[in-house]
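Please put together a short briefing on this protein model. Keep it brisk and group the points by topic.

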Amino acid sequence: MATNTEEKTSAEPAPSLEQVLEHYPRDMVGYDEMWVEDSARVNPHWRRLMKDLTKLGDSELERRRTDARRLLRENGVTYHIYNDPKGQKRTWQLDPIPLVINSQDWGAISVGLKQRARLLDMILRDIYGPRRLIKEGLIPAELIYAQQGFLRACDQVQMKDLPHLLLYAADLARGPDGRMWVLGDRSQAPSGAGYALETRMAMTRVMAEEFRRTQVHRLSIFFRHLRSMLASLLPHRKDDPRVVILTPGPHNETYFEHAYLTSYLGYSLVQGDDLTVRGGKVWMKSLDGLKQVDIIVRRVDDTFCDPLELREDSHLGVPGLLQAARLGNVIIANPLGSSILESPALMPFLPNIAKHWLGEEILLPSAATWWCGQQKERDYVLANIRDLVIKPIDRRGPSVFGSALSEKQMQELKLRIQAEPHMYVGQQVLSCSTAPSLRNGKLVPRRVLLRTFLTAHQGDYDVMPGGLTRVAQDEDALFVTNQTGGLSKDTWILADKPVHQASLWPSIRQMESLMSGEGVLPSRSGENLFWVGRYTERSEGLLRLIRTVLNKLADYDDYRDVSDQVVLNHLLEALTHFTWVYPGFTGEDAEEKLKRPRLHIMDMVLNREHRSSLIGTLNALLQSAYNVRDLWSVDTWRVVDDIDENLQYLSSNKTRFSILQTELDSLLASLMAFNSQTQESMPHEHGWYLLNVGRRMERALQLICFIRTCFVQYAGEVPEHLMLEATLVNHESLITHRRRYRSVQHIFTVLDLMLLDTRHPRSLAYQVDKIMSLMEALPQPTPSHHLSREQRLILQASTEIKLAEVEKLANINDELGSRRALAKLLDSVERRLEKVSELLHQRYFTHTQSARQLAPTKLELPA
């Protein structure tokens, strides 16, 4: 007993949290979020989280960071980095250490943000309304009229009895004094809310226990309020307004967020070409015809939204959109012209405006800003330019840090300011606070910037209980932005009591009014799904043919059999026709290429210059899938990511011929998984029908090409039993043929199975019948008992196949050994299928600017 007592007495006490964190650097200037100001104590609201994190250890934290990155990559969370040599599309970078803010601090921040939003809403109404700000001398006239953000065409375009600033975001930074300062206002198309939500989703996976114990406010209530706010804008259609999100397209830096929010909120994602203005109203072009749009949540800059009245060279907008808004027939969130609120030149005038209009002191101050249009302020800026950041008032150019300029550059900047003083402001360089960040397995301080989000709600504003925190990449970084390679953090707002999850689902009363059928599919989405089907099937067909060629090439290398060589030659010719990489194995030098086929096979697989090579086809598939990112489930997108990852490896210089088949097998497995996901996870609605029409169309055309190449043009020259076996293997039909016809393998049995059997999923008859049934489910312009032109064509093709006699198809009809009946059937069905594809485009996708083509037309074929 004495020994135990001695052991207890001599045991060292557990180190305090501060001792555990003693290696955390404290030498950076400014406020650190984790520490109590001017002390060596951890802030109370950080203690629980930091205890949990320090118990995990550096290696476990690094593992979780890796898990978060993998999860974001699999979910397709990307951000476009312009002018990046590593590629434009980047996986979202997440720092697994969140920014923690206590409820008391957040309450004060929220009150200040709401006040600022109300003030900016009043300013926006006034600028495009009575302009009392200018008349009462609260803002100089040239500050408004001189900048591009003021759109004269939007003058007096007002929404009666509604807030104008429906969505708002503010960039906040905590200064050295511990106060939150506003560095920028985002009013025309605030981005980041979707990334904040996806970041939270990832964090609740990799930090599940820590999140639960820390008692963090949920984000879903904000999006519920956002949806209810948009619905309330139209009282007469409150239960079912047609809301669309207008995106510039897949090349926009935040396109992922546009697609993600569309899916999360249950709206339609559209581009400018998907909308049209007729009779002063906005309509969406859908597979069902034109559907009136009530509300547009725009992610397109306002000057690009209407080429008729604003920027005439824009291809992103909708001609006549502003007139529709002027007539009150559509609501735009935020209204065109709201970008003027983002001007930093407004900042120094906000405190005085708040006193006059609200009778209040402004609660969240802006970073100290001097507008150079005033003599005293201009003199101050010129005298202190080294200590300031210089910004154009309407973002015509980049912000410039005076401390980073050479003497010559500084003098040139001064001359520009003196030439147009009203176009510039000088702003205090605020030393943002730091927060713990995980770098190379260690916790280090990095500067952080918090973007907060607000939505108008029930006469006031609702603040997202969180936000998107961006983290500086380096210790001495001046900018905190994703475009310069920064990271992002989740923002945890602590609650005083347990938090319950809020649902996005509407009430039962609303649900009953919505359960009337499928959602409206924009024509552009339908077109992309059609091509996803075609590109998927073409990729699978190419992969199977390349694999068959590689197997036959291995047989020839082993046995040097002349029969294997002849079969291989014709398979390579078929591969040339499949990829359209001419002359390939069909030109005058075909015999030379056949002596060293590996090099040319690799070219058909990896050639980026040919759009119908395997890599070109897979890239087209990924682009079409990305264009309808909002329609895929999470699991489906993970399969798409697998295809992308396999493609990246295949495209790299690491791929050698010896391992080509292994890489192709992996790609084929991913494609089969994608097909399975689309069949089992997508609702069987118009988009699904179009995707499958595309798949069946492409499978039929590929089969026609293969049969024509191998059994029409060169029949009689090929050892037919070997060619027949290669055909069955390539089309995954060998086992079916053996079971159906026992040991008999003849041209009659193979043509019967591959062309005429309506029960075999790989046969031509099966594809044509499937296309016919799928087309019957597509919307028709007017109900009629008459068949449409495309329906008649597909019925004729089906009838031709059913009337064909296999004996006649297999017969050799002339001295050259060609099968004319077979050629005639294949040519006729091919022509009808191509015409059906053309008619489907005319009926459902005619508004698109550039029709994509899988291969050259017959007029473009090499002579």
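N334 sits in the loop that links β12 (331–333) to α13 (350–358). The peptide bond from A333 to N334 is cis, and its omega is near -5 degrees. Most peptide bonds are trans, and most residues other than glycine have a negative phi. This is a predicted model, and the points below cover another loop, confidence, helix packing and a sheet.

- D161 is not a glycine, yet its phi is positive, at about 60 degrees.
- The loop that holds D161 runs between α7 (141–145) and β4 (167–174).

**Confidence**

- The chain has a mean pLDDT of 87. Of its residues, 88% reach 70 or more.
- Residues 5–10 stay under 50 in pLDDT. The model gives them 0 contacts beyond four places in sequence.
- Residues 848–863 also have a pLDDT below 50. This stretch has 26 contacts in the model beyond near neighbours in sequence.
- Where pLDDT is low, the predicted coordinates should not be read in detail.

**Helices α5 and α13**

- Helix α5 covers residues 103–127. Its axis and that of α13 come within 11 Å and cross at roughly 85 degrees.
- How do α5 and α13 lie to each other? Angles from 65 to 115 degrees count as roughly perpendicular, so α5 and α13 are roughly perpendicular to each other.
- On the α5 side, the contact is made by Q115, R116, L119, L120, M122, I123 and D126. On the α13 side, L350, I353, A354, W357 and L358 take part.
- By class, this contact of α5 with α13 has 9 nonpolar, 1 polar and 2 charged residues.

**Helices α8 and α11**

- Helix α8 spans residues 193–206, and helix α11 spans residues 255–265. Their axes come within 8 Å and cross at roughly 75 degrees.
- α8 and α11 are therefore roughly perpendicular to each other.
- From α8, the contact uses A193, G194, Y195, L197, E198 and M201. From α11, it uses F256, E257, Y260, L261 and Y264.
- The residues in the contact of α8 with α11 are 8 nonpolar, 1 polar and 2 charged.

**Helices α24 and α28**

- Helix α24 (residues 686–711) packs with helix α28 (residues 764–776) at an angle of about 155 degrees. Their axes are 9 Å apart.
- Why are α24 and α28 called roughly antiparallel? Angles over 145 degrees count as roughly antiparallel, and the angle of α24 with α28 is about 155 degrees, so the term applies to α24 and α28.
- The crossing of α24 and α28 is left-handed.
- α24 brings W688, Y689, N692, V693, R696, M697, R699, A700, L703 and I704 to the contact. α28 brings L764, Y766, Q767, K770, I771, L774 and M775.
- In the contact of α24 with α28, 12 residues are nonpolar, 2 are polar and 3 are charged.

**A sheet of 3 strands**

- An open sheet has 3 strands in the order β8-β9-β10, with antiparallel pairing.
- Which strands stand at the edges? They are β8 (275–278) and β10 (289–292). Each has a single partner strand, so one side of each has no neighbour in the sheet.
- From one strand to the next, the twist averages 40 degrees.
- Strand β9 covers residues 281–286 and pairs with β10 in the antiparallel sense over 4 bridges.
- W283 stands opposite Q292 in β10.

Notes:
Residues numbered from 1 in each chain as written. Predicted model: local features only at pLDDT ≥ 70, side-chain atom pairs only at ≥ 80, totals over all residues. Heavy atoms only, no water. Axes fitted to C-alpha atoms, helices over the stretch in contact; angles between N-to-C directions. Helix = DSSP H or I, 4+ residues; strand = E, 2+ residues; numbered from the N terminus. Parallel < 35°, antiparallel > 145°, perpendicular 65-115°, else oblique. Left-handed = near helix turned anticlockwise from the far one by under 90°. Contact = heavy atoms within 4.5 Å. Nonpolar A, V, L, I, M, F, W, Y, C, P; charged D, E, K, R; others polar. Pairing = 2+ DSSP bridges. pLDDT = per-residue confidence, 0-100.
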